[in-house]
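Here's a quick tour of a protein model for you. Have a look at the structure first, then go through the notes below.

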Amino acid sequence: MRLPDGYIDLPAGKLANVATSLEMHERPAPRPDPPGAAGTLTRLENPDPDRYRRLFRRVGGPYLWSSRLALGEEALARILADPRVEIYALKSDDDEIGFLELDFRFGDECEIAFFGLVESAIGSGNGRLLMNRAIERAWSQPIRRLWMHTCTLDHPDAMAFYVRSGFRPFKRQIELYDDPRLIGLLPRTAAPQVPLL
C-alpha cells in the first residue's frame, strides 16, 4: 500500500505513533548485570487483574500504554491465567520498579509483550538486569525467535537499548488509537509530554 507523503490530520481524541518491531533469531552473548542494579525478578502467577493493572499503569502510564487497560475483565483474566503468558515484577526492597510480560502463545516464538521500569528506576541499571532476565527466560524455551516492539511514545532511549541488547528492527507500522486519558483509562495528567487535543 502506498501512502502519500505529508501530514495527515487526526480527529480530536486520537493518538498516532510509529511502532517498530524488533527481533532476534538466536540467543545473544550474555551481558553482565550492572553493579548498581539491585532488583529481584518475581513471577506473578495468575495475578489478580487489579494488581496487574496497577503495575501496568505505574510502568506504562508515562508512555500511554493502554491496550491491556482497554480489555474487558474476562479477556484480561484469560490472558493472565494462560500458563504460556509469564508476568514478572522487578522488585527493589519492597517496591515494584519494573514489569515484564513474556508471551509464548505463538508456537516457537516468544514476544516480549511489555517491558519497562517506573520512571524513578530509569538509569539505575535495572533495565539491563530486567532485559538480561527476559532474554535468559525466553531462550530457555525451545523458541526460534524472540521479538518485541517499541514506539515513538516510548522512552527516547528505548530503541537504542533494544538494539544494544541484540534485537534488530524488521517492521514499522503506524498505530492509531483513542487517547486513553480522554476515555478514562489513564489520568488526564499522564504523559504531559503528549498534549491533550
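Let's start with helix H4, which covers residues 126-139 and so has 14 residues by the count given for this helix. From its first C-alpha to its last, H4 reaches 20 Å, close to the 20 Å expected at 1.5 Å a residue. Keep in mind that this is a predicted model.

**Helix H4**
- Eleven of the 14 residues of H4 are buried, so the helix is largely enclosed by the rest of the structure.
- Among the buried residues are Leu 129, Leu 130, Met 131, Ile 135 and Trp 139.
- The buried set also includes Asn 126, Arg 128 and Asn 132.

**The sheet**
- Seven strands make an open sheet, and you can follow them in the order E2-E3-E4-E5-E6-E1-E7, with mixed pairing.
- E2 (40-43) and E7 stand at the edges with a single partner strand each, so one side of each has no neighbour in the sheet.
- Going from one strand to the next, the twist averages 25°.

**Where E1 meets E7**
- Strand E1 (residues 14-24) runs antiparallel to E7, and ten bridges join the two.

**A nonpolar patch on the surface**
- Met 1, Leu 3, Leu 10, Val 18, Ile 174 and Leu 176 make a nonpolar surface patch of about 650 Å².
- One of them, Ile 174, sits in strand E7 (residues 168-178).
- Is Ile 174 buried or exposed? Its relative accessibility is 58%, so Ile 174 counts as exposed.

Conventions. Residues numbered from 1 in each chain as written. Predicted model: local features only at pLDDT ≥ 70, side-chain atom pairs only at ≥ 80, totals over all residues. Heavy atoms only, no water. Patch = residues over 30% accessible without salt bridge, like charges linked within 9 Å, V, L, I, M, F, W, Y side chains within 5 Å. Areas by Shrake-Rupley, 256 points an atom, 1.4 Å probe, with all protein chains shown as cover. Salt bridge = Lys/Arg side-chain N within 4 Å of Asp/Glu carboxyl O. Helix = DSSP H or I, 4+ residues; strand = E, 2+ residues; numbered from the N terminus. Buried < 20%, exposed > 50% of the residue type's maximum accessible area, 1.4 Å probe, protein only. Expected span 1.5 Å × (residues − 1). Pairing = 2+ DSSP bridges. Axes fitted to C-alpha atoms, helices over the stretch in contact; angles between N-to-C directions.
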